[in-house]
Amino acid sequence: MLCFLRGMAFVPFLLVTWSSAAFIISYVVAVLSGHVNPFLPYISDTGTTPPESGIFGFMINFSAFLGAATMYTRYKIVEKQNQTSYFSTPVFNLVSLVLGLVGCIGMGIVANFQGVTLRISTEINDDDI
């Protein structure tokens with residue numbers, strides 16, 4: 001299993017780089033399209049309308065996948081370290097893996113359900129009352 005982990009150090013680097021690029025690219029597209037104010041917009045505003053919402057969703061979904069790969073790699077590294085010396089309780093290692101994967105699933109949900117769509121549906125429900 002250790003041979004699988006060799007060369008996996010690029011995954012966290014790729015995660016940070018790709019996630020940063022997702023925010024920067026969606027910001028640039030939103031500003032060039034005139035959908036947001038170029039001075040300090042909310043991150044969620046830069047990914048709510050097409051075409052930047054598609055770019056944002058795709059890139060954040062891939063970031064969630066890279067995050068899951070990073071969490072699994074970390075889990076296997078700590079598991080291997082526990083075989084040679086007592087590094088951490090295996091239960092804590094498993095809990096951190098599960099929490100990390102839940103966070104990655106949450107990131108995918110955020111990427112696929114933009115705020116504008118949700119605001120429209122709540123406005124319709126408020127008008128019906």
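1. The UniProt record (an unreviewed entry) puts the feature "transmembrane region" at residues 12-34, 54-73 and 94-113. Bear in mind that such annotations may be inferred rather than shown by experiment. This is a predicted model, where local features need pLDDT of at least 70, side-chain atom pairs count only at pLDDT 80 or more, and totals for chains, interfaces and linings use all residues. Numbering starts from 1 along each chain as its sequence is written, and side-chain values use heavy atoms, leaving out hydrogens and water.

2. Residues 12-34 come out as 96% helix and 0% strand, with the end C-alpha atoms 33 Å apart. For residues 94-113 the figures are 95% helix, 0% strand and 29 Å. Helices here are DSSP runs (H or I, at least four residues), and strands are E runs of at least two.

3. Helix α3 (residues 52-84) packs against helix α4 (residues 90-112) at about 175°, axes 8 Å apart. Axes are lines fitted to C-alpha atoms over the stretch in contact, with angles from 0 to 180 degrees between N-to-C directions. The two are therefore roughly antiparallel (over 145 degrees).

4. Now the rings: there are four aromatic pairs (ring centres within 6.5 Å, using the six-membered ring for Trp). Trp18 and Phe62 make an edge-to-face one, 5.0 Å centre to centre and 65° between planes (edge-to-face is over 60 degrees). Trp18 sits in helix α2 (residues 10-33) and Phe62 in α3, so this pair ties together parts 44 residues apart in sequence.

5. Trp18, Phe58, Phe62 and Phe65 form one aromatic cluster. Trp18 is partly exposed at 24% relative accessible area, and Phe62 is partly exposed at 31% (between 20% and 50%, 1.4 Å probe, protein chains only).

Terms used. Angles under 35 degrees count as roughly parallel, over 145 as roughly antiparallel, 65 to 115 as roughly perpendicular and the rest as oblique. Rings of Phe, Tyr and Trp (its six-membered ring) pair if their centres lie within 6.5 Å; planes under 30 degrees apart count as stacked, over 60 as edge-to-face and the rest as tilted.
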